Amino acid sequence: MSQLPRLIAILTLLKSKRLLTANELAKKFEVSIRTIYRDIRKLEEAGVPVTTIEGRGYSLMEGYSVAPVQFTEKQANALITAQHLINQTKDTSFIEDFNEALIKIKSVFRTSIQKKSELLQSKIHIFNPTYENISSHALSEVQLAITNFNFIEINYCKVNETDVSFRKIEPYAMYSSQHKWILIAWCHLRQDFRAFRIDRIQHFKILQEKFEDRKFNLQAYFQSCFYDKSKA
């Protein structure tokens, strides 16, 4: 890759990620770290407000905007396919937010890409052989609680049970399995980490109260135990 396309790509990455190291950029573009240093200087000389955080990496000054990026046909197709997959998650809040975001993204598609993406939209269908007519409307709010460290109060009903239990939880991470979203949280009732199916949450309330981060690591959790619905 020549310097100009690389500079544009670096700028796009800086807009999409809060912090990037010279090492990450060098590996990404298969160049030396010294070349990355020169690229960053070029961006600065062109008036791009790149902030260097000593010992951590580079970021763009808050509020800086660049011209809309252009999507290739394959990238547009990937987004259309993702939309079909996300529509299988059975969480209406997440589906609504993604579809609204996709409308904004489609607004920068070239006309030719837009026509082809609309054609592909009608030619994809995803079958769900284990279909369950159960949905939720909590995923988007739960994601905000995870990143803002807000307690959540929930009324939860375990699978194959009718009793509903009240829990105060600290949400830490989530994963998807068989089109269902699973929330990993510290449960104050059980005094341990527990897995909750989001579509089994009957009522929830995001509290203004913040919790102290327990430094939960999702990969370490997967290595130590697997999801057991009986433990929720």
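What follows is a conversation about how some descriptions of this predicted model are reached.

Reader: Why is helix 5 called roughly perpendicular to helix 7?

Author: Helix 5 (residues 92–106) and helix 7 (residues 139–148) pack at an angle of about 85°, and their axes are 6 Å apart. Helices here are DSSP runs of H or I with at least four residues, strands are runs of E with at least two, and both are numbered from the N terminus. The axes are lines fitted to C-alpha atoms, for helices over the stretch in contact, and the angles run from 0 to 180 degrees between N-to-C directions. Angles under 35 degrees count as roughly parallel, over 145 as roughly antiparallel, 65 to 115 as roughly perpendicular and the rest as oblique, and therefore helix 5 is roughly perpendicular to helix 7.

Reader: Which residues make that contact, and of what class are they?

Author: Contact means heavy atoms within 4.5 Å, and here Ser93, Phe94 and Asp97 of helix 5 meet Leu139, Ser140 and Gln143 of helix 7. By class there are two nonpolar, three polar and one charged residues in the contact of helix 5 with helix 7, where Ala, Val, Leu, Ile, Met, Phe, Trp, Tyr, Cys and Pro count as nonpolar, Asp, Glu, Lys and Arg as charged, and the others, Gly among them, as polar.

Reader: What makes helix 1 and helix 3 roughly perpendicular to each other?

Author: Helix 1 and helix 3 pack at an angle of about 80°, with their axes 10 Å apart, and this angle falls in the roughly perpendicular range, so the name applies to them too. On helix 1 the contact is made by Gln3, Arg6, Leu7, Ile10 and Leu14, and on helix 3 by Thr35, Ile36, Asp39, Ile40, Lys42 and Leu43. These residues divide into six nonpolar, two polar and three charged.

Reader: Why are the buried residues of helix 3 said to line one face?

Author: The buried residues of helix 3 are Thr35, Ile36, Asp39, Ile40 and Leu43, where buried means under 20% relative accessible area, exposed over 50% and partly exposed in between, with a 1.4 Å probe and protein chains only. Seen down the axis of helix 3, they fall within an arc of 140°, so they line one face of the helix; the arc is that of the directions from the helix axis to the C-beta atoms. They pack against helix 1 (3–16), helix 2 (22–29), strand 1 (50–53) and strand 2 (57–60), whereas the face turned away from the buried side carries the exposed residues Arg34 and Glu45.

Reader: Why is leucine 20 counted as buried?

Author: Leucine 20, in the loop between helix 1 and helix 2, has 5% relative accessibility, and because this is under 20%, leucine 20 counts as buried. Not counting residues up to four places away in sequence, leucine 20 touches Leu13, Leu14, Leu25, Arg56, Gly57 and Tyr58.

Reader: What makes histidine 84 buried?

Author: Histidine 84 lies in helix 4 (residues 73–86), and its relative accessible area is 13%, which is under 20%, so histidine 84 is buried. Leaving aside its neighbours within four places in sequence, histidine 84 is in contact with Gln121, Ile124 and Ile126.

Reader: How do you know that glutamate 30 is exposed?

Author: Glutamate 30 is found in the loop between helix 2 and helix 3, and at 74% relative accessibility, which is over 50%, glutamate 30 counts as exposed. Although glutamate 30 is not a glycine, its phi is positive, about 55°, while most residues other than glycine have a negative phi.

Technical notes
Residues are numbered from 1 along each chain as its sequence is written. This is a predicted model: local features need pLDDT of at least 70, side-chain atom pairs count only at pLDDT 80 or more; totals for chains, interfaces and linings use all residues. Side-chain values use heavy atoms; hydrogens and water are left out.
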